[in-house]
Amino acid sequence: MNKLVKEAGCHVVSNYTAPASKTTSKNSTARISLIVFFLTGVFGYAQSKPLVFTKKAIASESYESVGVFDVNNDNVLDIVSGAYWYEGPDYQNRHYIGSAKRYGEYYDDFSTIPLDVNGDGNMDFITGGWFGKQLVWKENSGDNGEWQEHLIAEAGNIESTRSWDIDGDGIIEIVPNTPNDPLIIYRLLLDNNKKGTGKFGKHTISEKQGHGLGFGDINNDGRGDLVVPSGWLEAPEDPYTGEWKFHQDFELGTASVPMIIADINKDGLNDLIVGQGHGYGLHWYEQTTTKKDKKTTWTKHSIDPYNSQYHSMEWIDIDQDGENELVTGKRYRAHNGKDPGGNDELGLYYFRWTGENFSKQIIDYGAYGTGKGTGVYFSVSDLNKNGMKDIIVAGKDGLTIYYNEPTKK
């Protein structure tokens with residue numbers, strides 16, 4: 001911990017109660033209270049308000065994706081990860097739904113995107129994998145046994161899949177990150193009652209991608225653009241029939257899935273937040289335009305250069321202050337320990353924007369069995385309806401909930 005704190009320029013006081021047993025059980029809990037003092041200038045420190053999390057281990061499964069939705073329509077949120085769904089509100093009862101194929105340390109299951117694909121009123125989910133190269137949806141059978149798997153497309157090597165409302169109709173589209181294959185939007189086809197038909201339209205946007213994917217309005221024209229590691233694709237008026245213009249503005253390496261598009265410094269221009277999924281580094285790229293010719297430039301700023309495998313992230317208001325924070329962490333054994341920093345200690349963090357830089361807040365940190373990393377797809381949701389968003393993380397180091405506890409003002 002001391003090395004991390006020194007490198008990050010933070011002083012951390014931690015009150016952490018570890019489980020009684022060295023072996024984590026699904027019923028074990030640990031309460032983590034973190035008070036973080038962060039550097040706001042070259043010579044001065046300022047105090048941030050702490051968040052308090054209760055850590056609850058749910059399962060020791062090694063799936064790397066987890067989704068949150070109401071599986072059985074009882075108005076209580078459930079957790080779906082890999083071969084099981086875990087029944088809310090306590091998540092102790094799990095139900096088998098069918099496992100993805102395993103390849104070495106990996107399950108070929110790199111997203112859990114909720115969507116009622118067939119319009120029957122039950123929430124299904126979409127996933128896919130690197131090795132099988134298939135994008136699929138799994139049909140919710142409730143508590144009636146294994147969920148049937150349906151092929152959407154032979155998509156190529158899927159690093160992970162994300163969903164965004166590309167066309168603004170209120171229904172998400174599915175966009176897999178396939179580094180070695182074309183960038184394609186999969187659009188759920190609806191019937192006359194605006195319900196899913198179980199089928200998808202396929203719209204090719206670009207012939208190449210690379211490792212990393214993001215979505216947001218880069219040029220302030222009111223349309224969502226797509227970001228890949230080597231540039232961004234400008235959305236046309238009709239995203240399915242128009243041409244997406246490519247702007248080769250940067251080179252971002254093995255970028256995170258997703259990359260975040262947001263106006264970080266409140267100057268009216270959207271910026272980028274990019275983690276390195278298979279190396280060290282977490283950065284934000286400031287967008288500026290020249291007054292004379294309106295040329296766009298991107299200036300790279302460091303958020304955290306000291307940790308590796310920032311593969312997945314969420315931009316969300318985790319502390320209920322009206323401003324979004326960056327929630328992310330180290331993907332555990334992304335390349336089975338072969339990435340730079342692959343055997344470093346694990347961490348789960350959120351980063352607050354201070355007006356000048358990002359301050360790193362530690363949610364959990366430590367060696368395997370103590371700290372916790374992320375997989376390729378995690379969820380942030382208010383599980384217990386207390387007004388605070390909780391963090392649900394799966395990975396090769398197990399499935400864990402971090403309950404975000406209300407604190408007195």
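Biologist: What is the average pLDDT of the protein chain, and what does the term stand for?

Modeller: pLDDT is the predictor's confidence in each residue, on a scale from 0 to 100. The protein chain averages 89, and 88% of the residues score at least 70. Over residues 1-47, however, the pLDDT is below 50. Where pLDDT is low, the predicted coordinates should not be read in detail.

Biologist: Why is the pair Glu105 and Arg333 called a salt bridge?

Modeller: The term requires a side-chain nitrogen of Lys or Arg within 4 Å of a carboxyl oxygen of Asp or Glu. For Glu105 and Arg333 the N to O distance is 2.8 Å, so the pair meets the rule. Glu105 lies in the loop between β9 (102-103) and β10 (106-107), and Arg333 in the loop between β28 (325-330) and β29 (346-353), so the pair ties together parts that are 228 residues apart in sequence. By this rule the count comes to 12 salt bridges.

Biologist: How do you know that Lys138 and Glu149 form a salt bridge?

Modeller: Their closest N and O atoms are 3.8 Å apart, and the limit is 4 Å, so this pair also qualifies. Lys138 is in strand β13 and Glu149 in strand β14, 11 residues apart.

Biologist: Is Lys138 buried or exposed, and on what grounds?

Modeller: Buried means under 20% relative accessible area, exposed over 50%, and partly exposed in between (1.4 Å probe, protein chains only). Lys138 has 4% relative accessibility and therefore counts as buried. Glu149, at 45%, counts as partly exposed.

Biologist: What makes β12 and β13 a pair?

Modeller: Strands are DSSP runs (E, at least two residues), numbered from the N terminus, and two of them pair if DSSP finds at least two bridges between them. Strand β12 (residues 124-128) and strand β13 (residues 134-139) are joined by 4 bridges, so they pair; they run antiparallel. Ile126 has Trp137 in β13 as its bridge partner.

Notes. Residues are numbered from 1 along each chain as its sequence is written. This is a predicted model: local features need pLDDT of at least 70, side-chain atom pairs count only at pLDDT 80 or more; totals for chains, interfaces and linings use all residues. Side-chain values use heavy atoms; hydrogens and water are left out. Contact means heavy atoms within 4.5 Å.
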